[in-house]
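Me: I have a structure to read and want to learn how to go through its features. Can we take them in turn?

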Amino acid sequence: MGSFPCHVLPGTLFLAVGIWHIWSAIVRYVSNPESFRVKSWNPIPGIDGKLRNLEIYVITIGSFIDLCVELLYATQLKFFVNGILNPVHMNNFEHSGMLVMFFIFGLIALLSQETRFLPLPDEALCLIAATTFTAEYFLFYFHSTNHKGLEGFYHLLLVVLIGLCIISTVSVAFIPTKGCSLNGDSIVCKSPDDQVRGELLANFQLFSLVFGVFVGVVGFYGFAASRYGHSDLKRLVRVDRFDRE
């Protein structure tokens with residue numbers, strides 16, 4: 001995916017799916033505003049069978065093909081050199097990690113819609129989609145390839161757009177669970193889907209708290225080290241960096 005032609009396939013898929021999402025969301029909203037709900041994917045209306053889930057097939061098959069191009073064709077199966085990952089193809093490995101996430105999302109969505117093995121509500125699929133966008137966000141933010149000048153600015157814009165995708169997708173999980181309510185000292189849910197949605201929200205709240213504590217500890221340590229750090233601590237940091245170089 002390092003050259004322009006290698007960006008055509010994934011870029012075209014993203015563009016096609018994005019336009020379909022916008023159009024489907026507008027049509028569903030204007031058709032019935034009261035029952036409108038955010039979805040991680042949109043079925044083709046008026047069509048039965050597997051073609052109804054065409055969007056999921058496009059995401060799954062498209063990401064798998066691009067994954068094979070990045071991981072198998074571009075690297076020529078030369079994954080390791082002298083016992084470490086081949087630094088020449090590090091760019092391909094990073095793209096492959098992102099594509100694996102999109103493939104997993106598509107596969108889970110297909111299992112949820114086409115089989116009975118993994119029945120998931122729309123909110124759960126939205127959280128999985130948000131995880132996929134998060135992997136894409138980290139790829140563009142911590143890319144091993146140095147993008148400078150105008151190309152770097154475009155990558156910065158992509159990071160902002162991906163961040164908005166994460167926020168908008170995760171926000172679905174924060175919508176109050178209408179089917180659950182507090183009854184005395186216990187929470188009662190009207191249906192199994194409402195209970196699953198509530199459990200997903202509770203899991204996300206726990207993850208947010210743990211991640212918040214982690215960020216807080218790292219921030220406090222950085223502030224304390226910069227303001228009150230001993231000279232020996234700074235010397236050890238410099239020695240460690242020198243050894244890595």
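Reply: Start with contact range. Take contacts between residues at least 6 apart in sequence, then ask what share joins residues at least 24 apart. In this predicted model, that share is 56% for the protein chain.

Me: Which order do the helices and strands follow along the sequence?

Reply: Count the elements, then read their order. The protein chain has seven helices and four strands. Their pattern is α-α-β-β-α-α-α-β-β-α-α.

Me: How do I read burial and surface for the whole chain?

Reply: Burial is a share of residues; surface is an area. Of the 245 residues in the protein chain, 28% are buried. The accessible surface is about 16800 Å². Carbon and sulfur atoms account for 69% of that surface.

Me: Next, salt bridges. How many does a search of the whole structure find?

Reply: Look for a side-chain nitrogen of Lys or Arg within 4 Å of a carboxyl oxygen of Asp or Glu. The search of the whole structure finds one. It pairs Lys39 with Asp122, and the closest N and O atoms are 3.0 Å apart.

Me: Which parts does the pair tie together?

Reply: Place each partner in its element. Lys39 sits in the loop between α1 (4-31) and α2 (54-73), while Asp122 belongs to helix α4 (residues 122-141), so the bridge ties together parts that are 83 residues apart in sequence.

Me: Is Asp122 buried or exposed?

Reply: Compare its relative accessible area with the cut-off. Buried means under 20%. Asp122 has 18%, so Asp122 is buried. Lys39 has 27% and is partly exposed.

Me: Now a single residue. What is Phe79 in contact with, leaving aside its neighbours within four places in sequence?

Reply: Locate the residue, then list its contacts. Phe79 is in the loop between α2 and β1 (80-81). With those neighbours set aside, Phe79 touches Leu71, Leu72, Ile84, Leu85, Asn86 and Phe93. Its relative accessibility is 25%, so Phe79 counts as partly exposed. For a C-alpha distance, take Phe79 and Met90: they are eleven residues apart in sequence and 9.2 Å apart in space.

Me: Last, surface patches. Which residues make the nonpolar surface patch of about 880 Å²?

Reply: Read a patch as a list of residues plus an area. This nonpolar patch is made by Phe153, Tyr154, Leu156, Leu157, Leu158, Val160, Leu161, Leu164 and Ile167. Take one member, Tyr154, as the example. Tyr154 lies in helix α5 (residues 149-170). Its relative accessibility is 51%, so Tyr154 counts as exposed.

Methods. Residues are numbered from 1 along each chain as its sequence is written. This is a predicted model: local features need pLDDT of at least 70, side-chain atom pairs count only at pLDDT 80 or more; totals for chains, interfaces and linings use all residues. Side-chain values use heavy atoms; hydrogens and water are left out. Helices (H or I, at least four residues) and strands (E, at least two) are DSSP runs, numbered from the N terminus. Buried means under 20% relative accessible area, exposed over 50%, partly exposed in between (1.4 Å probe, protein chains only). Contact means heavy atoms within 4.5 Å. Accessible areas come from the Shrake-Rupley method with a 1.4 Å probe; for residues, only the protein chains shown count as cover. Patches are made of residues with over 30% relative accessible area and no salt bridge: like charges are joined within 9 Å, nonpolar side chains (Val, Leu, Ile, Met, Phe, Trp, Tyr) within 5 Å.
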